[in-house]
Amino acid sequence: MAKIEPLPPATNGEPRWRVKWIVGYHDNGKPKYKSRSTRSHREAVQLRAEKELAEAPKRHNFKPRYKQSPMLEAVAEAYLDTLENPPIGEDKPALSTRKQAHSIIANHVVIPELKRERLKDIGPEAFRKIYQRCEALGVGASTRNHALRLLKCILNFGVVSGYIPFAPDNPIKNKTTKKERRLAKEASENKFYTPNEIFTMLAAADALAKDENKQVRRTWARYRPMVYFLTYTGARLSEARAFRRQDYRPTEGRVYIIESAPEGDDDDTSTKTASGRRWVPLNPELADVLEPWLEAHDRELVFGTKTDNYISRTTLYPRLLEPLKDKADALAEEGSHPRYVHVSRDRTFHGFRHHFAAWLIKEGANLKQLSSYMGHAKVSFTIEVYGHLFEDDGHELATRMTMRRSA
């Protein structure tokens, strides 16, 4: 796999780039590289494409290179490089996905017992070693299963690269225990804000927007409509941060969710999945709060900064969510409304999204509507996450299923 690297500028100040690709491996498993410098990034991209196309026939006309079979550590490094520099025709994974892969491979896949193993010597026992190590460290089922999947991905990459003839299968069939499944179910049922918690937080947002302190009022002039937006659309926090003025379409009665704010140095603004580009019905209570805020400024990003940039994700927890919960708890202490309650401190912004899904189900949304409004790629995923919220009144269903003819 070829990758592009920036070089120090030339003496005349012109930028330079280098294309580097693997041509083999040393005895210690480290890859051997060849490289060529270019004068522009476009030229580097073209050269990398040529190298990828030249390499493709070799991968299809497979000839095992057992003598050059590299170590697992080196192949894992090459696999991670393809995530950062994907081949032509493949999308680059989201930054969070790439970071997670780097972390899990470093800590739970390339473990001391396996890192120096030649790829050709990796067998089904490797999956068991990773499973047992994760259990010994007390790693959660989700991370452990992700580690097993990533090992399979690395082995498949070794097959495509011609180092092994086939990738061994994972022999562990039951990847989660009964206890883990029970705990996962309990956790999924406890990650929602309750209706009364949402009611209290909306009241808290209203109160903060009318606070005696001028700076607090100014801050919550923006945060208040953002809280309402999260509540009435089920948007992810990154989607709310990227919400643009033109995507609010009251004449259609819709709110369009088109983009997602990039993370770190990533410049990808696409939603989490293709199905993430969606619309949700415009709730009148959202319109009542959002429209005055849109009239108060002329920026493109509805919840952006004064310079029309994405609002920082890291600042929203200490500046929005925590003060919101503090105010909600203060309202609960006052007891001025029977629905005011203390808000759970272990819930995140994603709790608004889960509440929206539960709210849709309670109000009678069908699976197609729920999956569409939540932006899920598959209805099966919607059922897996929210299926337990649907009522299971089998007796009532049976009484409605009749062939009896009227007299």
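Is Tyr193 buried or exposed in this model? At 2% relative accessibility, Tyr193 counts as buried, where buried means under 20% relative accessible area, exposed over 50% and partly exposed in between, with a 1.4 Å probe and protein chains only.

Before I go on, a word on what we have here. This is a predicted model, so local features need pLDDT of at least 70 and side-chain atom pairs count only at pLDDT 80 or more, while totals for chains, interfaces and linings use all residues. Residues are numbered from 1 along each chain as its sequence is written, and side-chain values use heavy atoms, with hydrogens and water left out.

Let's start with the rings. The structure holds eleven aromatic pairs; Phe, Tyr and Trp rings (the six-membered one for Trp) pair if their centres lie within 6.5 Å, and planes under 30 degrees apart count as stacked, over 60 as edge-to-face and the rest as tilted. Tyr193 and Phe352 have ring centres 5.1 Å apart and planes at 55°, so this pair is tilted. Tyr193 sits in the loop between α6 (178-189) and α7 (195-209), and Phe352 in helix α12 (residues 350-362), 159 residues apart. Helices here are DSSP runs of H or I with at least four residues, strands are runs of E with at least two, and both are numbered from the N terminus. Phe352 is buried too, with a relative accessible area of 1%.

Next come Tyr317 and Phe349, with centres 4.9 Å apart and planes at 75°, so they are edge-to-face. Tyr317 is partly exposed at 25%, whereas Phe349 is buried at 3%.

Now to the charges. How many salt bridges are there? The count is 17, a salt bridge being a side-chain nitrogen of Lys or Arg within 4 Å of a carboxyl oxygen of Asp or Glu.

One of them joins Arg244 and Glu259, with the closest N and O atoms 3.2 Å apart. Arg244 is in the loop between α9 (237-241) and β4 (248-249), and Glu259 in the loop between β5 (254-257) and β6 (278-281).

Another salt bridge pairs Asp326 with Arg345, at 2.7 Å from N to O. Asp326 lies in helix α11 and Arg345 in the loop between α11 and α12, so the bridge ties together parts 19 residues apart in sequence. Asp326 is partly exposed at 44%, and Arg345 is partly exposed at 39%. Through shared partners, salt bridges join Glu322, Asp326, Asp329 and Arg345 into one network.
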